[in-house]
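Student: I have a model open and would like to walk through it. Can we start with how the elements are named?

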Amino acid sequence: MGRLATIAGPVMLLLLCTMCTQALGIKDGLLPNGNFERGPLPSQLQGTRVVGSSTAIPSWTTSGFVEYIPSGKKQGDMLLVVPEGAYAVRLGNDASIRQRLRGAAAGHRYSLTFSAARTCAQAEQLNVSASGQSGILAMQTMYSSNGWDSYAWAWVADADEVEVVIHNPGVTEDPACGPLIDSVAIKTLNPPRRTNKNLVKNGDFEEGPYIIPGTKCGVLIPSLTVDDHSPLPGWMVESLKAIKYIDGESFAVPRGRRAVELLAGRESAVAQVIKTVPGRRYALSFTVGDASNACRGSLMVEAYAGRESTKVAYESEGKGGVPKRAVMPFRAASARTRVVFFSSFYSTRSDDLSSLCGPVLDDVAVVSVRAKRG
Ligand SMILES: *[C@@H]1O[C@H](CO)[C@@H](O)[C@H](O)[C@H]1NC(C)=O
């Protein structure tokens, strides 16, 4: 044992140092010129369209119909608002923006956060890719009234250099039609760990995508994000619509600094498969609250663990009321038990009927309730 420890010590130190220098390579937060405040030279613009060079926007490479949009620009009778700073880009027909980043650690998971807004009436989607992996994110509406939302997507780096690409694969009659993009940020995700006590990984939702400070709109975790592409380690978003990842700076959060808001009724569920022993008894516990975002009325969270389920009602005044802790005992039917949460119905904010909202879920735990000695 003693000898092993003396050998393991320096090896561990070496390993840790390799990891720390690599971790220093990619810093959590906005990418270089991630908010597009530095723009093309006047000679590289034709109106708002970026022309002439694919590297006209500092730190980025562009292709296709890309526009450089100043805040307050009018489109028809619509005023384009930019969430951060004074500029954003618009990805028109088959347009993409890309940036190469060094210092990633192969095998580590990273999550990309960016803000996007639709500008035309049709359905718009973005293809986000990095390290040979990609995901299609639908620009869903109804989450915020100003049209902007933040989205997250995650991938596993395959080398120390990664190229992140945001691409609008759409081709429409009006080549300028397409989403506006702003505030592109990155975060290294730490692998979720289950503790001796709690079988649920990342049950307090503290580990998750970067939330752009001051955006006050949280981050949407898109639907059908599983495994490596989930920016919420341990969890997957099932079904059709997104859930929202929220922070204590802009919202009420029952415990810690982060939580999730279940904002699309039965159409958005957050789930995790946990390891269980068939026949053994467990207790699923979780906390329900409201985000202090004017989501008023009777809210209801449904929870499922294996064959058991429960409904937890929460009367919300929309001001971040006293959170409610719920416990549901269940007996595992198999070696894997799926734990699922969703909101029973849709709600909208009382101060803004066009924005969906819902109950907040936090602090999920599953413990074995088999009697133990000592
Ligand atoms: C998204 O982009 C990636 C990388 O360019 C590509 O391999 C993939 O086929 C695209 N997906 C769709 C659905 O267009």
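Tutor: Strands here are DSSP runs of E, at least two residues long, numbered from the N terminus. This is a predicted model. By that naming, R349 is found in strand β26, residues 347-349.

Student: Is R349 buried or partly exposed, and why?

Tutor: R349 is partly exposed, because 19 other C-beta atoms lie within 10 Å, and a residue counts as buried at 20 or more.

Student: What does R349 touch, leaving out residues up to four places away in sequence?

Tutor: R349 touches N293, A294, C295, S355 and C357.

Student: And how many residues apart are R349 and P83 in sequence?

Tutor: R349 and P83 are 266 residues apart in sequence, and their C-alpha atoms are 20 Å apart in space.

Student: Which domains does the chain have?

Tutor: The domain assignment gives domain 1, 29-189, and domain 2, which is made of 236-248 and 264-368. The centres of the two domains, taken over C-alpha atoms, are separated by 32 Å.

Student: Switching to sheets. What is the strand order in the open sheet?

Tutor: The order is β4-β9-β14-β11-β12, 5 strands with antiparallel pairing. β4 (61-63) and β12 stand at the edges with a single partner strand each, so one side of each has no neighbour in the sheet. From one strand to the next, the twist averages 15°.

Student: How many bridges join β9 to β14?

Tutor: There are 7 bridges between β9 (residues 96-102) and β14 (residues 161-167), and the two strands run antiparallel. As for a specific partner, R100 is bridged to E163 in β14.

Student: What about β10, how many of its residues are buried?

Tutor: In β10 (residues 109-117), 9 of its 9 residues are buried. R109, S111, T113, S115 and A117 point one way, while Y110, L112, F114 and A116 point the other way.

Student: Which strands does β10 pair with?

Tutor: β10 pairs with β13 (residues 148-156) in the antiparallel sense over 9 bridges, and F114 has Y151 as its bridge partner in β13. β10 is also joined to β15 (residues 180-189) by 8 bridges, again antiparallel. There, the partner of S115 is D182.

Student: Last topic, the ligand. Which residues surround the ligand?

Tutor: The ligand is surrounded by N127, S129, S134, I136, H167 and P169. β11 (125-130) and β12 (133-138) each supply at least two residues of that shell.

Student: And by class, what is in the shell?

Tutor: The shell around the ligand has 4 polar and 2 nonpolar residues, and no charged residues.

Note on methods
Residues numbered from 1 in each chain as written. Predicted model: local features only at pLDDT ≥ 70, side-chain atom pairs only at ≥ 80, totals over all residues. Near = placed C-beta within 6 Å. Helix = DSSP H or I, 4+ residues; strand = E, 2+ residues; numbered from the N terminus. Nonpolar A, V, L, I, M, F, W, Y, C, P; charged D, E, K, R; others polar. Buried ≥ 20, exposed ≤ 12 C-beta atoms within 10 Å, placed from the backbone. Contact = placed C-beta atoms within 7 Å. Pairing = 2+ DSSP bridges. Axes fitted to C-alpha atoms, helices over the stretch in contact; angles between N-to-C directions. Domains from an automatic or database assignment.
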